[in-house]
Amino acid sequence: MQSETQSGSVTKGFTRSALDALLIPLLAIFTAVILGGIIIVSVGGNPFLAYFGLLQGSFGSAKALSETAVWATPYIFAGLAVALAFKGGLFNIGAEGQLALGATTSALIGYALPGWLGMDIPAFIHLPLVVIVGMAAGAFWAAIVGFLKAYTGGHEVINTIMMNYIALNTISFLLNGPMKDNAPNNVSARTPLIAESAQIAPIFDGLRVHWGFILALLAAFLVWWMLTKTTLGFEIRTVGANPDAAKYAGINVKRTIILTMAISGMLAGLAGTIEVTGLNYRHELGFSIGYGFDAIAIALLGKSHPLGVVLAAILFAAMRNGATRMQFLTQLPVDLISMLQALILLFVAADAIIRYIYRIKSQGERVVLTRGWGG
Amino acid sequence: MDWKRFAFIFLIIVVLIGAVVMVGITKSPPIITITSMLATTIAVATPLTLGALSGVFCERAGVVNIGIEGMMLTAAFFGWLGAIFMFHVFDFDKWPSILIGLVTAILAGALMGLLHAVLSITYKVDQIIGGTVINILAVGLTGFLNRQMFFGRGSAFGGQIPNSPGNLLNVHVPLTEVFTPICGNSTNCMDVVNALNSVLDQRPIAISAILLVFISHYVLFNTRWGLRTRAVGEHPKAADTVGINVVRMRYANVLIGGALAGLAGAYFTIESVPSFEPLLTNGRGFISLAAMIFGNWTPIGAWTSALVFGASQAFNIKMQLFREVIPPQWAFLQQSYVVGLIPYILTMIILTGIIGRTTPPAADGVPYEK
């Protein structure tokens, strides 16, 4: 009943624990930045100029801020997907496949449905329909893995990886064949543009940031609310913390596992859907590559807390977005960012190293994120 | 591994090869198709075999390794870089450069193994997270260095990727010499030897991968080292009680695993093609992982599973070769996406336990606390 006392604790206790939760990620970021600086110096660059460029490129102007939000949108959704699964004791490495599938199906409904029905569809029907289909596709794809985990014990890590490849192979087939954009001089594997009635509008004129970003923030709030205030959330957390105890407490563990995966996949599918409807207006092969691992990194950095995920997603988005400016100022390759992100993740995962460097005592017991193949 | 699964694996390989023979019957005689199909299978299964062996060593000692992909990628990059540096910067000859590249790759793999060991054994980081960190780090590290070394400011190579000294060549397996006296004048016997010769017409890493499968099997199941490795993976407390140093055994095996993944990485840039591109391992580390599970954590099982994955890849390659003679009703097989799905679906079926249950080492993934 530890969770009961946690959620019912007074504000002072909350700020205290929030600070503790923030300390390790902040120190991890700080350490990675220092190490990154050393790497930059060692290849003959100017670290101050590089970090200045990174900041200027990500937060320095309205356009920079808008682009950071654009990058952050899918990161928030996908990061939430992985974080939610972590809470339920499941490791969803398959966010990439679920995202790609969500993007592909919503692109299909987005461009083809008016033709199938032979008429224009009003936006208030078309857009929600597109979003729901994308969510459902992601949820379905992940629920298969949840089902296999619940009823056969097949480990979700391997199965989500396999489902990634199945999704990507299938999507390659679709985008090179039946769903390929038939525009006269198109050679790339991509779908046609979706109808205007399926597009999400930008928030401001002239900037690319769209309402999907607000939706992502809303999703983070909803996930937090669901996890802390609802029975389902309690069940997910209990199964994640101790499936045996959950079983004896009368929770339907199998159902919870499947539901956790389905909601996780739904969020990942949303990441893809929102990219299609709000930004690219089509799905193109290869766009989804890398989101799966970034999502894992973001969930870990955010300590699987929805607010943490939002902050981590904005940080990763800012780094990706600011990288171009950094490269322009210092001629350092954009890939430096991936190095930095990997270092941050390394220190977040191995918090013992950070605790050792900064002499921080360990607080309470460790959070179990995943289990070995047997579990 | 039980006979049921071996039979299943054998059946799949036979079906895949049989389909290629039938499709290509007008273009090449069955025996040629079969041998070349087997040869391709062994060649493309090489990194999968080595990667799966890497997993077997780590996990038999109780450390889950999903970082095989990252270890391979890092090794592929540093092996290639090492060869180029020796060749262009230190003016070594071709073969010494390639050899040093090979050693660099193995060391790079072992170093990533060391990182994994430090994270998961010393710092008791969740091992699946640790492996994921390695995968992400490998992408960042190789991407950054690849760009920085060749196109960055102050690059020794001035904005272009220099030629690599080359790749390893086929080795001669002395089958003919050995079998000529045995076969005598029998032409049938010599035909078999020739067929075997063309199957084993492989490059050094491919050959050593096969040898390493049997060496690993022997080491794990017939030596004191192997017994101790399995003991710390099944019941570390009991192993500790009888005086086995759990931490040291785990470290050693994860390092061996890293080195094997390093050799797998060398396959890509030292043996297969002498060039590197970002993300070139393209998920084969994960397939290795699947092969290891598919093979129930045994070297020979892992190898046969790797061969299934290799066979389906070889199938795709052959289908491209037979493009113009393919009968219309078989044309869908040309879509590499269709057959490309087989290994992934198979792995998932295996994991459901329909075809025999997989049993991981009991303490796999559990950090040891005294």
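**Close-up 1. Where H8(A) meets H9(A).** A:Met226, A:Leu227, A:Thr228 and A:Lys229 of H8(A) touch A:Leu232, A:Gly233, A:Ile236 and A:Arg237 of H9(A); contact here means C-beta atoms, placed from the backbone, within 7 Å. By class that gives 4 nonpolar, 2 polar and 2 charged residues (Ala, Val, Leu, Ile, Met, Phe, Trp, Tyr, Cys and Pro are nonpolar, Asp, Glu, Lys and Arg charged, and the others, Gly among them, polar). H8 covers residues 211–229 of chain A and H9 residues 231–241, and their axes come within 5 Å, crossing at roughly 75° (axes are lines fitted to C-alpha atoms over the stretch in contact, with angles from 0 to 180 degrees between N-to-C directions). The two helices are therefore roughly perpendicular (65 to 115 degrees; under 35 is roughly parallel, over 145 roughly antiparallel, the rest oblique).

A note on the model: this is a prediction, where local features need pLDDT of at least 70 and side-chain atom pairs pLDDT 80 or more, while totals for chains, interfaces and linings use all residues. Residues are numbered from 1 along each chain as its sequence is written, and chains are lettered from A and ligands numbered from 1 in the order written.

**Close-up 2. The side of chain B that touches chain A.** Here 44 residues of chain B are in contact with 43 of chain A. H5 (127–151), H12 (284–294), H14 (336–340) and H15 (342–352) of chain B each supply at least two residues of that side (helices are DSSP runs of H or I, at least four residues, and strands runs of E, at least two, numbered from the N terminus). H5(B) brings the largest share, 15 residues. Sorted by class, this side of chain B has 25 nonpolar, 15 polar and 4 charged residues.

**Close-up 3. H14(A) against H5(B).** H14 of chain A (residues 336–349) packs on H5(B) at about 160°, axes 7 Å apart. That makes the pair roughly antiparallel. Among the residues making the contact are A:Leu345 and A:Leu346 from H14(A), and B:Val133 and B:Phe144 from H5(B). The whole contact splits into 13 nonpolar, 5 polar and no charged residues.

**Close-up 4. Chain A as a whole, plus the scores.** Chain A has 15 helices and 0 strands. Its radius of gyration is 21 Å, close to the 21 Å from the globule rule for 375 residues, so chain A is as compact as a globular protein of that length (taken over C-alpha atoms; the rule is 2.2 Å times the number of residues to the power 0.38). The model scores ipTM 0.84 and pTM 0.89. Chain B averages a pLDDT of 88, with 95% of the residues scoring at least 70 (pLDDT is the predictor's confidence in each residue, from 0 to 100).

Note on methods:
Two residues are in contact if their C-beta atoms, placed from the backbone, lie within 7 Å.
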